[in-house]
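Here is a short report for a reader meeting this structure for the first time. Please look over the sequence and the model, then read on.

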Amino acid sequence: MTTQAKIHDDAALTIEQVEAQVQDRQARHQLRARTSAVIYPIMTVIGTLAAWEIVARAFAIPTFLLPAPSAIVASLVEHTGLLLKHGWVTTVEIVLGYLLSIVVGVPLALAIFMSPAFSRSVLPLLVSSQAMPKVAVAPLLLVWFGFGLLPKVLIAFLIAFFPIVISMAVGLASIEPEKIYLARSMGLGAAATFFKIRLPSALPSIFGGLKISITLAVVGAVVGEFVGGDAGLGYLLMVANGNIDTPLLFAGIIALTVQGVVFYVLVELAERLAIPRQTAANAAVLGLA
């Protein structure tokens, strides 16, 4: 078909047909993007594991130094019950620490946003507190609260709450002034402006802090178990390290990684439900939709 004939055929198309073709191209592009977003990471992981297995076997690397992936999978299967038992303990610590960070962080962010005097008094202290290593605070919490669940939850909270406070305070303060002027011109009060305009505009920033916080809560729970735990995946890692059981050590790390990814995905699903348009736009920018 010549170029002139192709142009003539395109000109003969109706508006509806052109729109249908555009939508079809967009649908194919989105399908390719979603497929590649799944296939590329899977192929990368498979290739890395295959190379790892070949190198470990070819050079006869001792298992206590670097076990082959097959040995790690065997350890995962062998210690499934143990991993689930200790994983449940860590899950409880993560969830409680994360919820406590939300319960404390949200009101604190609101106070920082609404009261300049409170912000000037408290915010520098919060920022300074983040320079203090939480590992150094953990022994003190153990002295005060013992070796039970509470110190692990508090350590997870101390590590996780700061991103929630900062992201929410910044999100509430970063709204365009024109939107506030428009709300006032429409006769909206302070409360209505906050809940109908300011809070929805801040949700992307708030959920960004929530997603960071859930990953930090995992770190906090493990830190607490390292310092003074008698159960949990962090404690299991210490036991495996003491026994030089490197396959179990890798199995525990994998379990913690899966745990963190699951919690992150749950928060991301909540974000999709709360602000579907924003998450769709972010996915389009990243090439995932």
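At what angle do the axes of helix α6 and α7 cross, and within what distance do they come?

## The α6 and α7 pair

The axes of helix α6 (residues 134–145) and α7 cross at roughly 150° and come within 9 Å. Axes here are lines fitted to C-alpha atoms, for helices over the stretch in contact, and angles run from 0 to 180 degrees between N-to-C directions. Helices are DSSP runs (H or I, at least four residues), numbered from the N terminus.

α6 passes α7 in a right-handed crossing. A crossing is right-handed if the near helix is turned clockwise from the far one by less than a right angle, and left-handed if anticlockwise. On the α6 side, the meeting residues are Lys134, Val137, Ala138, Leu141, Leu142 and Phe145. On the α7 side, they are Leu150, Pro151, Leu154, Ile155, Leu158 and Ile159. Contact means heavy atoms within 4.5 Å.

## About the model

This is a predicted model, where local features need pLDDT of at least 70, side-chain atom pairs count only at pLDDT 80 or more, and totals for chains, interfaces and linings use all residues. Residues are numbered from 1 along each chain as its sequence is written, and side-chain values use heavy atoms, with hydrogens and water left out.

The cut-offs are as follows: under 35 degrees is roughly parallel, over 145 roughly antiparallel, 65 to 115 roughly perpendicular, and the rest oblique. The crossing of α7 and α9 is right-handed.

Serine 167 sits in α7, which spans residues 149–173. Is serine 167 buried or exposed? Serine 167 has a relative accessible area of 11%, so it is buried. Buried means under 20% relative accessible area, exposed over 50%, and partly exposed in between (1.4 Å probe, protein chains only). Serine 167 touches Ser205, Ile206 and Gly209, leaving aside residues up to four places away in sequence. A polar atom of its side chain lies 3.3 Å from the backbone oxygen of isoleucine 164.

## α4 against α9

The axes of α4 and α9 come within 9 Å and cross at roughly 140°. That makes α4 oblique to α9. α4 passes α9 in a right-handed crossing. From α4, the contact residues include Thr90, Glu93, Ile94 and Tyr98. From α9, they include Phe194, Arg198, Leu210 and Ser213.

## The buried face of α10

Helix α10 covers residues 233–242, and its Leu233, Gly234, Leu236, Leu237 and Ala240 are buried. Why do the buried residues line one face of the helix? Seen down the axis of α10, they fall within an arc of 155°, so they line one face. The arc is that of the directions from the helix axis to the C-beta atoms.

These buried residues pack against α4 (80–114), α9 (190–228) and α11 (246–274).

## Two loop residues with positive phi

Most residues other than glycine have a negative phi. Isoleucine 244 is not a glycine, yet its phi is positive, at about 55°. Isoleucine 244 lies in the loop between α10 and α11. At 56% relative accessibility, isoleucine 244 counts as exposed.

Alanine 60 is not a glycine either, and has a positive phi of about 50°. Its place is in the loop between α2 (15–58) and α3 (69–78). Alanine 60 is exposed, with a relative accessible area of 61%.

Serine 119 belongs to helix α5 (residues 116–129). Serine 119 counts as buried, at 16% relative accessibility. Serine 119 touches Ile112 and Pro124, not counting residues up to four places away in sequence. Alanine 109 is 10 residues from serine 119 in sequence and 9.0 Å away in space, C-alpha to C-alpha.

Serine 185 is in helix α8 (residues 177–185). Serine 185 is exposed, with a relative accessible area of 59%. Serine 185 and leucine 84 are 101 residues apart in sequence and 57 Å apart in space, C-alpha to C-alpha.

Leucine 273 lies in helix α11. Leucine 273 is exposed, at a relative accessible area of 75%. Leucine 273 and alanine 27 are 246 residues apart along the chain, and their C-alpha atoms are separated by 22 Å.

Key: A polar contact is a pair of N or O atoms within 3.5 Å; within protein, one must be able to donate a hydrogen and the other to accept it, and residues adjacent in sequence count only if both atoms are side-chain atoms.
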